[in-house]
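Welcome! Please take a look at the structure below, and then we will walk through it topic by topic.

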Amino acid sequence: MSKLVPPIPKFLRPAPPRPGRNGAGGENGDGNDKPGTAVKLRDGAAEGGTQVVGWLDERTGMSPFLRGALYRKVPKGTNWFYTLGSATMFAFVSQAVTGVFLAMYYNPDPLRAYDSAAYITNEVFLGELVRGMHRWGSTVMIVLIFLHLGRTFVFGAYKYPRELNWVIGVLLLVLTLAMGFTGYLLPFDQRSFWATVVGVNINASAPVMGPYLADFLRGGAEFGAVSLSRFYAMHMLLIPGLIAALIGAHLYLVAKLGTTAPPWLKAEKKSLSQEKI
Amino acid sequence: MTRRGVMTGGALLYGGIASAAFGLPALGFALGPMFEDGTPDVWQDVGAEDEFNPETYVPKVANIVADLGEAGKTTVYLRRLDPGRDSKSKSDKGKEPLPYVAISTRCVHLGCPVRYIQASQRFVCPCHGGVYDFEGKVEGGPPVRPLDRFYTRVTTGRVEIGERFSVNSELERFSPRDPSNHLDGLWQYLYPSRPST
């Protein structure tokens, strides 16, 4: 009978006596000196927390990674400008979340796209807010990514050994601009339609590859029904997937290589280390 | 040849085949439309013959993309050909010229819609200041070739327009191109036509 019952999880079983307090534990176990209920609960909660974390860590071995990523040392002089990357990522997460919910109502059919977008704004509960956050959030993300790029450039943070992270960052910039371009068409009103027609034709103006690129974007020779669903698929699946993957690589390299000190601290640092020697 | 080598090679091979099995069709999906004939050969009735004259353009609405609602429609400017005034096209050598001139409103700079202004007898683009003369040839601004045209014919007193075609500065006919693609001089070799045409 007892073999059929699954074992009680470790964190529900009474804790074994701690090695350091062997004697005391034994006394408690005997019931000579029972602690109060409140103390018991508090200790239990503390133990429970540690045990859940311990359970996860035992199975994933994640704590060294997390410690390395979250408790890494940052150079002296780290300031608010260093938060621009995180701010950009937060803008991306906000775009992803609002985008997922907009996709629940949006219809990428050329005859219904405009109406479904209008429906989101006018009818759906909080629709105007969510669409507004997505619409303005896109601008915020582009502003932030440029500020982040500028910070990296001005602080010289792209130099050895961080060149690869610069390259990934530039790819992320291009993909973010592509998000702006593909998303602009989706409301399918006059402005977004003609802006996208002109945008695709700008692509077509590149020598040799241009005409092919424009055909690829439109899904044909003319701007047709396929073009809208194509832009929609790129906007919500292809590009966000690439961005998420590249953000992962970007963050890995940041955690691996650490951040740079602001350029104005370099000289001071050198003289300090020389002093120590 | 080692056992390890065979296993590694096999794993790579089968992984590659499996990836290609979904990757290639997906790629074909994305690139396929580039190789299709995008402009179906359909003739559209745009009005009776007596609606048009050789002196001025009459705007008409035509469908260029099916199933796209309003967005699939475009304005076409039509007038009767004036053999005395219109310049001869090389493509018409030994043939009857097209009976009507049907000008596409798509500016060949970046695709904004142009407007015909009768007072100055010119087409003007609102976006970046492209100006075309009465025949649609470039007169100023950034456009790289004359305005595109449509094939025209007359069937039992009704004017019909067909496929769109592009022209170079001598009104020689080419397959339809995107705006901003050159058709004159050395530039034309940098802008290939669609593979299907």
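Let us start with a pair of helices. A:Ser138, A:Met141, A:Ile142, A:Ile145, A:Leu149 and A:Thr152 in H6(A) meet A:Trp166, A:Gly169, A:Leu173, A:Thr176, A:Gly180 and A:Gly183 in H7(A). Here two residues are in contact if their C-beta atoms, placed from the backbone, lie within 7 Å. The model is predicted: local features need pLDDT of at least 70, side-chain atom pairs count only at pLDDT 80 or more, and totals for chains, interfaces and linings use all residues. Residues are numbered from 1 along each chain as its sequence is written, while chains are lettered from A and ligands numbered from 1 in the order in which they are written.

**The H6–H7 pair in chain A**

- The residues where H6(A) touches H7(A) divide into 6 nonpolar, 6 polar and no charged. Ala, Val, Leu, Ile, Met, Phe, Trp, Tyr, Cys and Pro count as nonpolar, Asp, Glu, Lys and Arg as charged, and the others, Gly among them, as polar.
- H6 covers residues 127–154 and H7 covers residues 163–185 of chain A; these helices pack at an angle of about 160°, with axes 10 Å apart. Axes are lines fitted to C-alpha atoms, for helices over the stretch in contact, and angles run from 0 to 180 degrees between N-to-C directions.
- Helices (H or I, at least four residues) and strands (E, at least two) are DSSP runs, numbered from the N terminus.
- H6(A) and H7(A) are therefore roughly antiparallel to each other. Angles under 35 degrees count as roughly parallel, over 145 as roughly antiparallel, 65 to 115 as roughly perpendicular and the rest as oblique.
- The crossing of H6(A) and H7(A) is left-handed, meaning that the near helix is turned anticlockwise from the far one by less than a right angle (clockwise would be right-handed).

- Most residues other than glycine have a negative phi, and most peptide bonds are trans.
- A:Tyr160 and A:Pro161 are joined by a cis peptide bond, with omega about 5°. A:Pro161 sits in the loop between H6 and H7 of chain A.
- A:Phe188, a residue other than glycine, has a positive phi near 55°. A:Phe188 belongs to the loop between H7 and H8 of chain A.

**Helices H8 and H9 of chain A**

- H8(A) and H9(A) pack at an angle of about 145°, and their axes are 7 Å apart.
- On the H8(A) side, the contact is made by A:Val200, A:Asn201, A:Asn203 and A:Ala204; residues of H9(A) in the contact include A:Leu213, A:Leu217 and A:Arg218.
- By class, the contact of H8(A) with H9(A) has 6 nonpolar, 3 polar and 1 charged residues.

**Where the two chains meet**

- In the model, 26 residues of chain A are in contact with 25 residues of chain B.
- H8 (190–204), H9 (210–218) and H10 (225–257) of chain A each supply at least two residues of the side of chain A that touches chain B.
- Which helix gives the largest share of that side? H8(A) does, with 7 residues.
- The side of chain A that touches chain B has 18 nonpolar, 6 polar and 2 charged residues.

**Strands in chain B**

- An open sheet is formed by 4 strands in the order E5-E6-E7-E8 of chain B, with antiparallel pairing. Two strands pair if DSSP finds at least two bridges between them.
- E5 (115–117) and E8 (138–140) of chain B stand at the edges with a single partner strand each, so one side of each has no neighbour in the sheet.
- E6 (residues 122–124) and E7 (residues 131–132) of chain B pair in the antiparallel sense over 2 bridges, and B:Phe123 has B:Tyr132 as its bridge partner in E7(B).
- E1 (residues 44–48) and E10 (residues 158–167) of chain B run antiparallel, joined by 4 bridges.
- E9 (residues 149–155) of chain B pairs with E10(B) in the antiparallel sense over 6 bridges. These strands form a hairpin with 2 residues between them, and B:Thr156 in the turn has a positive phi of about 45°.
- E10(B) and E11(B) form another hairpin, with 5 residues between them; B:Leu171 in the turn has a positive phi of about 65°.

**Confidence**

- Chain A averages a pLDDT of 87, and 88% of its residues score at least 70. pLDDT is the predictor's confidence in each residue, from 0 to 100.
- Chain B has a mean pLDDT of 90, with 97% of its residues at 70 or more.
- Over residues 24–31 of chain A, pLDDT stays under 50.
- For the complex, the predictor gives an ipTM of 0.86 and a pTM of 0.82.
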